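Subject: A structure for you to look at

Hi,

Here is the structure I promised to pass on. Please open it next to this email, and then read on for what turned up among its aromatic rings.

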Amino acid sequence: MISTIGLTNVASPIFNAFEFIDIDTLSINWLLYSSALALRIDLSLNSDFSTTLASSIIEVGASSSTSIEFTGSYIETSNTFYARIKVKTGIGISDWSDVLEINKLTLVEKIIYCEQAINGNYRLVKANPDNTSKIYLTPDSYTSLHPSASNDGTKIVFTKEYSASKSDLMILDLVTNTITNLTNFATNNNYVWNPSFNNDDTKILYAYHAGSRSATAVIKEMTIATLSSATLYTASGTTDNISPEYNTDNTKLYFSNTSGLVLFDIATSGITIIDAGNEYFATQHPTQNKIIYSSSVGGINYKLVERDLDINTVTEIYPAYSYNMFARYSPDGNSVIWSSLETGIWQIKKKNLITNAIVNLTSGSVHNLYPEWANILE
């Protein structure tokens with residue numbers, strides 16, 4: 001940008017880097033401005049600078065200054081900042097520079113899954129899509145199951161299982177790295193599982209068994225702001241309500257009941273049978289009207305299939321060598337991951353739906369279950 005002072009043009013300074021050098025310290029750099037007498041730098045949480053967190057004027061030796069550090073609790077508690085800078089020279093003052101947007105955290109494509117620890121409990125693992133750079137997100141002092149990432153990438157909801165008949169919904173905040181209870185169902189021997197966020201991350205869908213896991217299951221939806229839950233569907237038998245999942249716009253639910261894989265309209269309570277039989281764990285393609293789910297063959301093994309809901313065709317993704325469950329699309333929809341019991345140990349497989357290449361992401365003697373694939377904060 002150029003500002004005209006009288007007949008003289010003064011060019012604005014140019015930012016070239018920023019770095020968080022500590023939890024509460026931000027360093028901002030700009031290109032050397034050799035003729036500067038003074039520089040002013042503003043920092044704000046708003047791109048229009050309607051409010052200013054900090055403003056600094058560098059006057060003495062400004063011509064040799066190319067960086068500044070902002071320190072304070074506001075650096076620790078916020079994730080996005082905006083900076084602008086202008087310069088005073090011997091012939092005038094420049095306009096403000098282009099606004100620098102500073103993001104502390106960025107969305108990165110990751111897989112999340114449940115790995116069995118030596119003590120038998122399951123803990124959540126975060127890794128690259130090829131399963132490198134593994135990081136444990138939860139401890140092995142309890143069992144963590146059914147992870148699902150929020151659409152904004154800041155949170156993971158999962159099930160904390162105390163026993164085969166008691167569990168609670170938990171939420172992991174990836175910004176603060178804290179884990180908190182969303183429910184306290186387990187105190188009454190209730191069991192919850194298979195949670196997922198709606199598209200604006202204000203609600204969580206889950207299956208609920210009151211008093212015992214063998215009790216009739218119902219589908220519930222929690223409003224996160226109030227932690228209050230409403231029942232969306234009441235099952236007619238204990239085998240109903242397996243694996244509830246939102247469709248793309250959250251107006252309908254996929255789940256399995258005694259009729260097979262169904263689509264439930266939340267507004268009308270109408271049910272459409274998609275596939276009769278033992279069909280489970282449907283999940284929708286991120287951009288296309290397709291779903292992937294597990295389809296029983298002979299009532300014993302399960303193949304992985306993709307159904308195009310527009311033309312009602314089914315494509316086999318992986319044959320029924322054993323149990324193939326819990327499939328999830330990649331964020332671009334070009335690949336899928338799932339858990340397979342083909343070796344007698346639950347392991348995670350990945351298939352590229354464009355090239356049809358299949359790889360084993362995990363192996364060994366411990367179970368790996370419930371993979372999730374999402375863009376999350378790093």
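To start with, are tyrosine 233 and phenylalanine 255 buried or exposed? Both of these residues are buried. Please keep in mind that this is a predicted model.

Now for the rings themselves. A pair of aromatic rings is described by the distance of the centres and the angle of the planes. The structure holds 14 aromatic pairs. In one of them, the ring centres of tyrosine 233 and phenylalanine 255 are 4.9 Å apart and the planes stand at 40°, so this pair is tilted. Tyrosine 233 belongs to strand β21 and phenylalanine 255 to strand β23, so their pairing ties together parts that lie 22 residues apart in sequence.

Another pair to look up is tyrosine 323 with tryptophan 346, which is edge-to-face, with 6.4 Å from centre to centre and 70° between the planes. Here both partners sit in loops: tyrosine 323 between β29 and β30, and tryptophan 346 between β31 and β32, so the pair ties together parts 23 residues apart in sequence. Tyrosine 323 is partly exposed, at 32% relative accessible area, whereas tryptophan 346 has 15% and counts as buried, because buried means under 20%. Both residues also belong to a cluster linked by ring pairs, together with Tyr280, Phe281, Tyr302, Phe326 and Tyr370.

Finally, look for charges over rings. Lysine 160 lies over the face of tyrosine 142, 4.3 Å from the ring centre. Over the ring of tyrosine 208 you will find the charged end of lysine 220, at 5.2 Å from the centre.

Happy exploring!

How values were computed: Residues numbered from 1 in each chain as written. Predicted model: local features only at pLDDT ≥ 70, side-chain atom pairs only at ≥ 80, totals over all residues. Heavy atoms only, no water. Phe/Tyr/Trp six-rings, centres within 6.5 Å; stacked < 30°, edge-to-face > 60°. Helix = DSSP H or I, 4+ residues; strand = E, 2+ residues; numbered from the N terminus. Buried < 20%, exposed > 50% of the residue type's maximum accessible area, 1.4 Å probe, protein only. Lys NZ or Arg CZ within 6 Å of the ring centre and 35° of its normal.
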